[in-house]
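Reader: Before I take any labels on trust, could you walk me through how each one was reached?

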Amino acid sequence: MSKRDYYEVLGVARTATDGEMKSAFRKLAMVYHPDRNPGDKEAELKFKELNEAYQCLSDGQKRAAYDRFGHAAFSQGGQGGPGFGNEFGDFMSDIFDTFFGDARGGGGRPGAGPGGRAGGGRERGADLRYNLEISLEEAFTGKTETIRMPTSVTCEVCAGSGAKAGSKPKTCPTCAGYGRVRAAQGFFAIERTCPNCQGRGEIIEDPCPACSGAGRVTRERTLSINVPAGVDDGLRIRLAGEGESGLRGGPAGDLYIFLSIKPHPFFQRDGADLFCRVPISMVTAALSGEITVPVIDGSHTSVRVPAGTQTNKQFRLKGKGMPVLRSRDVGDLYIQVFVETPQNLTKRQRELLQEFDTHGSQADNHPESAGFFSRVKEFFDGLSGSGRA
């Protein structure tokens with residue numbers, strides 16, 4: 001079965017800009033994504049077809065080849081018609097590497113209208129990254145953080161055009177505003193980035209003195225970041241359009257906030273659950289008692305320790321953990337106790353412990369150690385009996 005036209009798959013015109021294709025792809029991808037259509041084979045095939053079309057048309061080189069030769073430009077099985085064998089794809093790759101080496105991922109194309117690149121020479125600004133470290137308490141409650149960072153913003157003098165006041169960019173005479181020029185190569189018509197305007201389709205003869213023709217300047221910006229409750233270490237927050245301003249009035253990039261959480265002196269986190277290791281005295285472990293433990297919300301609570309509690313015993317405090325991001329659920333707090341061996345004993349304390357050890361029953365007071373050493377004795381007795389045999 002023959003492949004559908006890539007433009008038809010995306011539902012856009014052949015003159016569509018990169019932004020229009022991206023928007024169309026996103027809308028259709030949400031409709032046919034396998035996660036939204038479990039078990040639907042037809043939706044899965046449409047999603048694959050959609051992805052293949054967008055991967056081709058979103059690449060400047062591949063789109064130029066597709067516009068010129070259709071699906072035959074990428075055929076490896078001799079489907080390009082007479083004269084196109086299995087070497088067609090390799091041959092085309094060599095040609096494009098020669099003439100498009102500097103144009104991958106950008107530049108205009110024939111039929112895109114004056115300016116070549118969407119918007120007449122405008123280029124999208126770069127995405128920016130900001131590392132933000134917060135405390136576990138701030139991750140619990142959420143917060144609004146104010147940050148200051150240097151970035152490129154639209155030049156106010158020329159309003160982003162890059163041209164001096166009273167003038168404006170002119171259409172490139174070399175490429176007539178298309179951003180690309182053609183070169184004959186045998187029976188092929190090969191396109192490459194215009195060397196005069198570098199693919200912008202426009203030239204600035206009288207640049208703005210404030211930005212030197214770039215249409216943007218560097219300034220320090222102050223931004224307010226909303227950190228929601230329940231965020232975890234490594235979470236990324238995207239602020240659309242808050243990145244670097246585009247060249248010559250192009251759209252701004254995005255700002256990505258990467259969160260990290262400082263180590264806490266009491267709590268260790270596992271998802272929404274918190275763990276707190278608490279020491280208790282030998283007397284409390286043996287006779288029972290209550291201990292006061294901290295809670296992440298800044299309060300404290302009491303935990304009843306039963307008599308005979310052993311090291312690593314855990315007590316669960318339901319709903320005392322971290323909130324789950326974008327949910328009403330809350331994790332739990334686990335208190336893990338360990339029995340602390342007393343140090344720096346007085347003479348009387350030593351005498352009392354020795355008296356306890358002398359008069360107490362090993363099996364009753366220390367059942368685990370009594371059972372362990374009993375099994376050890378049986379083990380060695382068995383080895384001894386085997387040797388005599």
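Author: Here come the labels, each set against its cut-off. Keep in mind that this is a predicted model.

Reader: Fine by me. What does the chain look like overall?

Author: The chain has ten helices and 15 strands. Of its 389 residues, 34% count as buried. Among contacts between residues at least 6 apart in sequence, 63% join residues at least 24 apart.

Reader: Let's start with rings. What makes phenylalanine 266 and phenylalanine 267 an edge-to-face pair?

Author: The centres are 6.5 Å apart and the planes make an angle of 85°. Pairing asks for centres within 6.5 Å, and edge-to-face for planes over 60 degrees apart, so the label follows. A search of the whole structure finds five such aromatic pairs, counting every kind of geometry.

Reader: Why is the pair of phenylalanine 275 and tyrosine 334 called stacked?

Author: The planes of phenylalanine 275 and tyrosine 334 are 15° apart, with 5.1 Å from centre to centre. Stacked means planes under 30 degrees apart, so that's the word for it. Phenylalanine 275 belongs to strand E11 (residues 273-281) and tyrosine 334 to strand E15 (residues 333-340), so the pair ties together parts 59 residues apart in sequence. Tyrosine 334, at 19%, is buried, and phenylalanine 275, at 25%, is partly exposed; the line between those two classes is drawn at 20%. Elsewhere, ring pairs link Tyr6, Tyr7 and Tyr66 into a cluster.

Reader: What makes you say that the charged end of lysine 313 sits over the ring of phenylalanine 315?

Author: The charged end of lysine 313 is 5.9 Å from the ring centre of phenylalanine 315. The distance limit is 6 Å, and the charge also has to be within 35 degrees of the ring normal. Arginine 129 does this too, lying over the face of phenylalanine 258 at 3.7 Å from the ring centre.

Reader: What makes the phi of serine 288 worth a mention?

Author: The phi of serine 288 is positive, about 85°, although serine 288 is not a glycine. Most residues other than glycine have a negative phi. Serine 288 is in the loop between helix H7 (282-287) and strand E12 (289-294). With a relative accessible area of 26%, serine 288 is partly exposed. Asparagine 344 also has a positive phi, near 55°, and is found in the loop between E15 and helix H8 (347-359).

Reader: How do you know whether asparagine 344 is buried or exposed?

Author: Its relative accessible area is 75%. Exposed means over 50%, so asparagine 344 is exposed. Glutamate 156, at 79%, gets that label as well; glutamate 156 is in the loop between strand E2 (143-154) and strand E3 (170-171).

Reader: Isoleucine 296 is in a loop too. Why is isoleucine 296 called buried?

Author: Isoleucine 296 has a relative accessible area of 5%, and buried means under 20%. The loop in question runs between E12 and strand E13 (300-305). Leaving aside neighbours within four places in sequence, isoleucine 296 has contacts that include Leu136, Phe140, Phe267 and Met322.

Reader: Last one: what makes leucine 10 buried?

Author: Leucine 10 has 2% relative accessibility, so buried it is. Leucine 10 is in helix H1 (residues 6-10). Not counting residues up to four places away, leucine 10 touches Met21, Ala24, Phe25, Leu28, Leu50, Ala53, Tyr54 and Leu57.

Definitions and conventions. Residues numbered from 1 in each chain as written. Predicted model: local features only at pLDDT ≥ 70, side-chain atom pairs only at ≥ 80, totals over all residues. Heavy atoms only, no water. Phe/Tyr/Trp six-rings, centres within 6.5 Å; stacked < 30°, edge-to-face > 60°. Helix = DSSP H or I, 4+ residues; strand = E, 2+ residues; numbered from the N terminus. Buried < 20%, exposed > 50% of the residue type's maximum accessible area, 1.4 Å probe, protein only. Contact = heavy atoms within 4.5 Å.
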